[in-house]
Amino acid sequence: MGTRTLGLLAAGAVTLAGCTGGGEDPETSSTSIATPTSASSSTPSTPSSSGGSTASSGEATPSSSTDDAARWTSPPEAARANTRQGAQEFAKWYTQVTGAAQHLMDGDLIREQSTTGCVKCEDVAVHADSRKGVQHPSINPYEDITNVKVLKWGKEPTFQVDFTIPKHELLNDDGVREATVRAEKAGLAMRLQRSADRWFVSEVTLAYRGSMR
């Protein structure tokens, strides 16, 4: 079985402009998003229905059903408030959404939480969609948030969200394990905009990535 991976994260560290910062297959690191794009817009994307499921068989690790997608279509109440804490909770939640989108192979989960002008958000969404027919994570790899810090507060607040990527499997469309991804530490930086009484991400990029070994 092959070890081809299409993970979100890339080696190296970058920051947003103006901010500081299977089987016998060998373990592999995820690969990833390119350099940041600063294009943004205050117009939120148009919500669309989300879904996605993966069958499991053989050595498969069960994937989530379409019921899980519903969890990621609307921010929790704590992430809606027009406050510093509300924005911080949304940044944390958005990071988890990017992992859920990869796991469920559903880029619309990201689009629903991003502005239409966020080019990098769309890149990540397309990446999530492209996992169909290739390999996708057996779990949501970005659920374990370890820290959220404010890089800049103001009209368009910017945050860095640190998280731990646990060791997990990459599955094919039949739910069969094809490769193993090693555990890593990583962080995403993102800029938020307020629209329609809630937060949206207008820019996102990799903050850092490092092995846990």
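**Notes on the fold, core and disulfide**

1. Order of elements. From the N terminus on, the protein chain runs β-α-α-α-α-β-β-β-β-β-β-β. That makes four helices and eight strands. Keep in mind that this is a predicted model.

2. Surface and interior. The protein chain has 213 residues, and 50% of them count as buried. Its accessible surface comes to about 9,000 Å². Carbon and sulfur atoms account for 48% of that surface.

3. The largest nonpolar core. This core has 33 residues. Those with the most contacts inside it are Phe 90, Tyr 94, Ile 110, Met 190, Leu 192 and Val 201. Helices α2, α3 and α4 each supply at least two residues of the core, and so do strands β3 (144–152), β4 (158–165), β7 (184–195) and β8. Helix α2 gives the most, with nine residues. For background: in soluble globular proteins, nonpolar side chains tend to be buried together.

4. Helix α4. Which residues of α4 are buried? In this helix, residues 119–129, they are Lys 120, Cys 121, Val 124, Ala 125, His 127 and Ala 128. Seen down the axis of α4, the buried residues fall within an arc of 160 degrees, so they line one face of the helix. What do they pack against? Their partners are α2 (84–104), α3 (108–111) and β8 (198–211).

5. Val 201. This residue sits in strand β8. Why does Val 201 count as buried? Its relative accessibility is 0%, and the cut-off for buried is under 20%. Leaving aside neighbours within four places in sequence, Val 201 touches residues including Phe 90, Tyr 94, Cys 118, Cys 121, Met 190 and Leu 192. Gln 113, Ser 114, Thr 115 and Arg 191 are also among its contacts. Now compare sequence with space. Val 201 and Glu 156 are 45 residues apart in sequence, yet their C-alpha atoms are 9.5 Å apart.

6. Leu 192. Look for this one in strand β7. Leu 192 is buried, with a relative accessible area of 0%. Which residues does Leu 192 contact, leaving aside its neighbours within four places in sequence? Among them are Ala 87, Phe 90, Phe 159, Trp 199, Phe 200 and Val 201. The list also includes Lys 155, Glu 156, Pro 157 and Ser 202. Leu 192 and Phe 159 are 33 residues apart in sequence, and 8.3 Å apart from C-alpha to C-alpha.

7. The disulfide. How many disulfides does a search of the whole structure find? It finds one. Cys 118 and Cys 121 form it, with their sulfur atoms 2.0 Å apart. In general, a disulfide is a covalent bond between the sulfur atoms of two cysteines. Here the link of Cys 118 and Cys 121 is right-handed, with 70 degrees about the S-S bond. Are these cysteines buried or exposed? Cys 118 counts as buried at 2% relative accessibility. Cys 121 is buried too, with a relative accessible area of 1%.

8. Gln 160. This residue belongs to strand β4. Gln 160 counts as buried, because its relative accessibility is 5%. What does its side chain contact? The side chain of Gln 160 makes a polar contact with the side chain of Asp 162, at 2.9 Å.

Key: Residues are numbered from 1 along each chain as its sequence is written. This is a predicted model: local features need pLDDT of at least 70, side-chain atom pairs count only at pLDDT 80 or more; totals for chains, interfaces and linings use all residues. Side-chain values use heavy atoms; hydrogens and water are left out. Buried means under 20% relative accessible area, exposed over 50%, partly exposed in between (1.4 Å probe, protein chains only). The arc is that of the directions from the helix axis to the C-beta atoms. Contact means heavy atoms within 4.5 Å. Accessible areas come from the Shrake-Rupley method with a 1.4 Å probe; for residues, only the protein chains shown count as cover. A nonpolar core is a set of buried Ala, Val, Leu, Ile, Met, Phe, Trp, Tyr and Cys residues joined through side-chain atoms within 4.5 Å. A polar contact is a pair of N or O atoms within 3.5 Å; within protein, one must be able to donate a hydrogen and the other to accept it, and residues adjacent in sequence count only if both atoms are side-chain atoms. A disulfide is a pair of cysteine sulfur atoms within 2.5 Å.
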